[in-house]
Amino acid sequence: MLIAHDLGTSGNKASLHDDDGRMLATATAGYDTHYAADTTSEQDPDDWWRAVVQATRVLLARSGVPASQVAGICVSGQMMGAVMLDADGRPVRPAMIWSDSRATAQAAALEATIGAEAGYRATGHRVAPTYTLPKLMWARDNEPEAWARTRAVCVAKDYVNYRLTGRLVTDHSDASSTDAYDLATGAWSPALLTAAGIDPGLWPEIVDATAVLGTLTPDAADELGLSPSTRVVAGGGDGPMASVGAGCVSPDRPGYVCLGTSAWFAVTTTAPVLDPQRRSFSFRHVVPGFYTPCATTQTGAGSLQWLQQAVAPEVPVADLITEAAGVAAADEGLFFLPYLIGERSPWWDAAASGVFLGLRRHHTRAHLTRAVLEGVGYNMALCMEPLTSSPPQIRSETTDGGVSSLTAPIGTGFGDERQPGPASPIDVIGGGAQSDVWLQLLSDIWGVPVRRRSVTDQANSLGAAVTGLVGLGLAGFDLAPRLSRTEAEFSPSEGFERHLAHRQRFEDAYHALTGWFR
């Protein structure tokens, strides 16, 4: 048996799998996030550990599987955060998670030093406040006492692995989400760290996602109720892990959308994809030799969660969606911009805010819900644009400034013949994929068939399970597509052309409000 953990934004989703990858039991343990008006988004790293312990014990109790049968553990974790540890391996402050955008000034300073284009070519990402490196710069500049105690930095799953094994390392997928990793060399970038003024010695060793880190420490085994001989596989970031859970493990597999707290569209490629407008970004895949280019909406299903908590906390989200099926929003001029914590793709605008536009006296909460569903769909359509045409050839080089970079014929042969949406069916995972109403609406907006996978909410932990099995030598990544099947398919209706016009109005609304946001 193998236990997989997925450290998401709202909690840890864990699953128990046999050595064929079949999911035998699941468990969820939640934890809190502290949000504040200055874009603070923080979590207690020890809450992650407590959630791992709780979920592990629940899995063992529900399944009746003896601890001696659990051969391994593998963790998927939220990416781009900043966990700062002291000399004893204890957090010096709460973790700044992926949605924390306080480091706007630090990101701007770093970009001014290295150049926007050079940074994007080196890392595959924009220099932005949502990434680990600018967050560390913010902590250094604003919390000198905590920074003075910092002896190591990592991200979420690395901290849990440290608690499991006593070994602090990261993997290439999570490293590629920090703005400190050079995609061409597969290592921390001395030039980027020098420009940021962050000590290279703070960063952990980088290993493959399938590397076995060791076995459980006696203390960890005792807390989890597992054998000390249980092996721990390094695991990876939740984006690339979701790709595995969606079966997107090779370039011939279809792209997919994850409708989680954030929402993203991703594909698998043999090289990073560099967008002339820098709307998308590229992670290293957990599958060796591949990359997973991606474009992300900061609040996907999280927009629905916010609406439910703000307007109708007593009503399940599924019931709100059912109400929304019977009304119109954009057709009546009602739009929602889902920028509740700023936005990454396609705008990369930390100042953007969530907005309802076009409210009228007859609109009800059903109309608001419908506008949220449509708004996420319109923004995701914009996210798909840079990843739905043929990517350019990419090669490695070193610039005069010493930043190893990925170069491509930007602006030629890329995006010139872009279509309104992807040309092939889109698989959908994540909690939002459980709604037939939303999937049909997304198919109408995107103009392509949308397919729900049979594993949706647990797709990330499924990806961690497959990665763990590969690490233990029990499977290959080609197992992943066989563990999740197409459960339902939704085809576009005749409303696609109408939604294209609405999408343009949605885009126009953002541009009209950019000055107001500031």
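## Nonpolar cores

The largest nonpolar core has 77 residues, and those touching the most other members are Trp-48, Leu-164, Leu-216, Leu-224 and Tyr-256. A nonpolar core here is a set of buried Ala, Val, Leu, Ile, Met, Phe, Trp, Tyr and Cys residues joined through side-chain atoms within 4.5 Å. Buried means under 20% relative accessible area, exposed over 50%, and partly exposed in between, with a 1.4 Å probe and protein chains only. Helix H1 (residues 45–63) gives the most to this core, namely 8 residues. A second, separate core holds 52 residues, among them Phe-265, Ala-324, Leu-382 and Phe-506. In soluble globular proteins, nonpolar side chains tend to be buried together.

The model is predicted: local features need pLDDT of at least 70 and side-chain atom pairs count only at pLDDT 80 or more, while totals for chains, interfaces and linings use all residues. Residues are numbered from 1 along each chain as its sequence is written, and side-chain values use heavy atoms, with hydrogens and water left out.

Contact means heavy atoms within 4.5 Å. Beyond its neighbours within four places in sequence, Trp-48 has contacts that include Leu-7, Tyr-31, Gln-43, Ile-97 and Tyr-159.

## The chain as a whole

The protein chain has 16 helices and 26 strands; these are DSSP runs numbered from the N terminus, with helices (H or I) of at least four residues and strands (E) of at least two. Its radius of gyration is 22 Å, close to the 24 Å of the globule rule for 518 residues, so the chain is as compact as a globular protein of that length. That radius is taken over C-alpha atoms, and the rule is 2.2 Å times the number of residues to the power 0.38. The C-alpha trace spans about 60 × 60 × 45 Å along its principal axes.

Of the 518 residues, 62% are buried. Among contacts with a separation of 6 or more, 74% join residues 24 or more positions apart.

In helix H14 (residues 436–446), 8 of the 11 residues are buried. Trp-438, Asp-444 and Trp-446 are among them. Just after H14, Gly-447 has a positive phi of about 75 degrees.

Cys-248 sits in the loop between helix H10 (238–245) and strand E16 (256–259), and its relative accessibility of 0% counts as buried. Leaving out residues up to four places away in sequence, Cys-248 touches Ser-243, Arg-253, Pro-254, Tyr-256, Val-267, Thr-268 and His-285.

## Backbone exceptions

Most residues other than glycine have a negative phi, and most peptide bonds are trans.

| Residue | Phi | Relative accessible area |
|---|---|---|
| Arg-278 | about 55 degrees | 19% |
| Trp-348 | near 55 degrees | 13% |

Arg-278 lies in the loop between strand E17 (263–266) and strand E18 (281–284). Trp-348 belongs to the loop between E20 and E21. Pro-346 also lies between strand E20 (335–337) and strand E21 (355–357). The peptide bond from Ser-345 to Pro-346 is cis, with omega near -5 degrees.
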